[in-house]
Amino acid sequence: MAINQNNFSKKPSDFKIAVIGAGASGLSTAYELQKIGFNVDIYEKSQNLGGLAGALELSKGKIDSFYHHLFKSDKYILDFLNDNKIPVDVKFKRTKTGHIWDDKYFDISSIYSLGNSRLLSKFGFLRLLIGGAFIKYFPSNNLNNKLVHKYMKKLFGKEAALRIWEPLLNFKFGKYAKYMPYSWLRTRIQDRTIELGYVNKGFELVYDYIADQVRKKNGNVFTGNLIKNIRLNSYKDKLLIDDKIYDRAVITTSPKVNEKILKNISYESKEIKYLGAICGVIEFDKKPIPSYWVGIADTNKKNNSSYKNFLAAISYAELDEEWNKSGKPSWPLYLASYCTQKQYKKFSHDQWKEKMIKAAIELNKLSKIDSINENNIINFKLSFAEYAQPILSPIKNLFPDPEKAKFCYFANMHNIFPNDRGQNRAFYLGKFTSKKIYKELILGN
C-alpha cells in the first residue's frame with residue numbers, strides 16, 4: 001500500500017489486532033495486516049490450519065479434506081501467491097466432466113462432447129448455449145435480486161433447465177433452492193474457466209506457510225485455543241481476549257459462534273441461514289469413475305440409488321497428475337453434499353460410510369469402466385463442516401454489514417456471497433479488511 005505513513009502521528013506498529021479463526025480468510029487477513037505493519041495474533045480452536053482447506057492423510061500422502069480446485073479467474077488467491085512468492089506449485093489442466101441424469105452417465109467435458117452426449121436435443125443444446133453466453137457476456141444487473149428458479153426455463157430452455165440447472169439448484173440448496181437469487185447463477189457462470197488448477201500436495205501447504213510467516217514477524221498463532229468471550233477492557237477503549245489487550249479484532253467465525261463470544265460488545269446480526277458440508281473420501285486401488293467431476297442431477301423418483309444422496313463425485317487423481325507418478329496407484333474419490341447438522345447427525349459414521357461406498361459403486365457401474373467393489377477400498381475418511389454454504393436471498397438481503405460488534409471487523413463465510421469460490425473470495429477479504437482497518441486506525445476515516 002503506497003501511503004506515506006510519516007504524514008500521520010500513529011503507525012500500524014502502535015496497534016495490536018486479534019484474528020479469530022485460522023481459515024483462509026483469517027490467515028490471509030493476518031498476513032496482509034502484518035505486511036502493512038500491524039502486530040497480529042491468530043486464535044484457532046482446532047489444532048489444524050486452513051478451516052475447510054485442511055488436509056487428511058491417505059496411503060500416498062495428504063489431500064484436502066474437502067475438495068478444492070482453482071479457476072484461472074480466481075484472481076485474488078493467484079495474485080496473493082504470485083505477489084508474495086509463496087513457494088507452492090500451482091498447476092492448471094483441462095479435466096473431464098460427467099453428468100448423471102435419468103440413471104445414465106453423460107460426458108459433458110466440452111461443448112463438443114456435451115453436444116454429442118444426447119443429454120439434450122439439438123434445439124435444447126442451442127438454447128443452453130444462448131443462455132450461457134447471455135449470462136457470461138451480457139450480464140444484466142436488473143436480474144440480480146430476482147429469484148433464479150423462476151428464470152431457469154427462460155434463460156436456458158426447458159430441457160437444460162430440467163436436466164441440468166434446476167437439479168443442480170435443488171441438490172445443492174435443498175429446501176432453500178427457491179430463495180436463491182439470480183446473482184448466484186451469474187457469478188457461477190462468469191467465474192468458471194475450462195482449465196482447473198490445484199496446489200501440488202494440497203492447499204495445506206499455503207496455510208502452513210502463511211502461519212510460519214506470521215510467526216517470523218513476531219506474531220502468534222494460538223492453535224487449540226477456543227475463545228469463549230470477548231469483552232471490553234476497563235477503560236472500554238480496547239478489547240480483552242484471553243486476558244490480552246487488542247485494539248481491534250477480525251472475526252472469521254460463524255454467526256452462531258459470534259452470538260456467544262461477542263455478546264458483551266454490542267453484537268448485532270441480521271438473520272443468516274446456512275448449510276453444512278459433508279464430504280467423504282474413499283481411496284480405491286483402481287479408477288472409480290472416468291472423469292474428475294461427476295455432477296448428480298437424477299430426479300427420477302422411481303430410482304432409489306444411493307448416489308442421489310450426494311451432489312457430486314470428484315476423482316482427485318484425475319486433477320493431480322503427480323499423485324500416481326510414483327508408488328502403488330490409488331484413486332481418492334470425494335462424495336460430497338450440503339446438509340444441515342441435524343441431517344448429518346441422523347446417520348452414524350458407519351452408516352455414512354455404507355451410503356458413500358454404495359454410491360461410488362453405483363456411479364462406477366453407470367460410467368461403464370472396470371468395475372470396483374468393497375475389496376478395492378484402501379481408506380475411508382469422513383468430514384463435516386457445519387458452516388459451509390450461506391443462504392442469502394433477495395427476500396432477506398443482508399447487505400451491507402450483516403454483522404456488527406464494537407471494535408470488530410467481519411471476514412467470515414457469508415461475506416463471499418454471491419460468489420461460491422470460497423478460497424478465492426477469502427483472499428479478497430484479507431486485502432479488503434486489512435485496508436479498512438488501516439483507514440480507520442491510521443487515516444482516521
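Lys11 and Asp14 form a salt bridge in this predicted model, with their closest N and O atoms 3.8 Å apart. A salt bridge here is a side-chain nitrogen of Lys or Arg within 4 Å of a carboxyl oxygen of Asp or Glu. Both partners are partly exposed: Lys11 has a relative accessible area of 40%, and Asp14 has 38%. The classes are buried for under 20% relative accessible area, exposed for over 50%, and partly exposed in between (1.4 Å probe, protein chains only). This is a predicted model, in which local features need pLDDT of at least 70 and side-chain atom pairs count only at pLDDT 80 or more, while totals for chains, interfaces and linings use all residues. Residues are numbered from 1 along each chain as its sequence is written, and side-chain values use heavy atoms, with hydrogens and water left out.

By the salt-bridge rule the count comes to 19. Lys431 and Glu32 meet in another salt bridge, at 3.8 Å from N to O. Lys431 lies in helix 12 (residues 422-443) and Glu32 in helix 1 (residues 24-36), so this pair ties together parts that are 399 residues apart in sequence. Helices (H or I, at least four residues) and strands (E, at least two) are DSSP runs, numbered from the N terminus. Lys431 is partly exposed at 39% relative accessible area, whereas Glu32 is buried at 5%.

Lys238 and Asp247 also form a salt bridge, their closest N and O atoms being 2.3 Å apart. Here Lys238 is partly exposed, with a relative accessible area of 26%, and Asp247 is buried, with 7%. Elsewhere, salt bridges link Asp89, Lys91, Glu322 and Lys325 in a network.

On a 1 Å grid over the protein atoms alone, a cavity is a set of points where a 1.4 Å probe fits but cannot get out; a pocket is an open set with protein on both sides within 12 Å along at least five of seven lines; lining residues have an atom within 4 Å of a point. Grid points are joined across faces, edges and corners, and a volume is the space filled by probe spheres set on the points.

The second largest pocket has a volume of about 550 Å³. It is lined by 22 residues, of which Asn309, Ser337, Tyr338, Cys339 and Gln343 are the closest to its centre. Two or more lining residues come from each of helix 6 (158-173), strand 16 (273-284), strand 19 (331-339) and helix 11 (349-367). Helix 6 gives the largest share, four residues. The lining of this pocket divides into 11 nonpolar, six polar and five charged residues. In this count Ala, Val, Leu, Ile, Met, Phe, Trp, Tyr, Cys and Pro are nonpolar, Asp, Glu, Lys and Arg are charged, and the others, Gly among them, are polar.

The structure holds one cavity of 30 Å³ or more. The largest cavity contains about 40 Å³ of space. Its lining consists of Asp64, Tyr67, His68, Tyr292, Ile314, Tyr316, Leu319 and Tyr334, which divide into six nonpolar, one polar and one charged.

On the surface, Phe134, Tyr137 and Phe138 form a nonpolar patch with about 370 Å² of accessible area together. Patches are made of residues with over 30% relative accessible area and no salt bridge, like charges being joined within 9 Å and nonpolar side chains (Val, Leu, Ile, Met, Phe, Trp, Tyr) within 5 Å. Accessible areas come from the Shrake-Rupley method with a 1.4 Å probe, and for residues only the protein chains shown count as cover. Phe134 sits in helix 4 (residues 122-137) and is partly exposed, with a relative accessible area of 34%.
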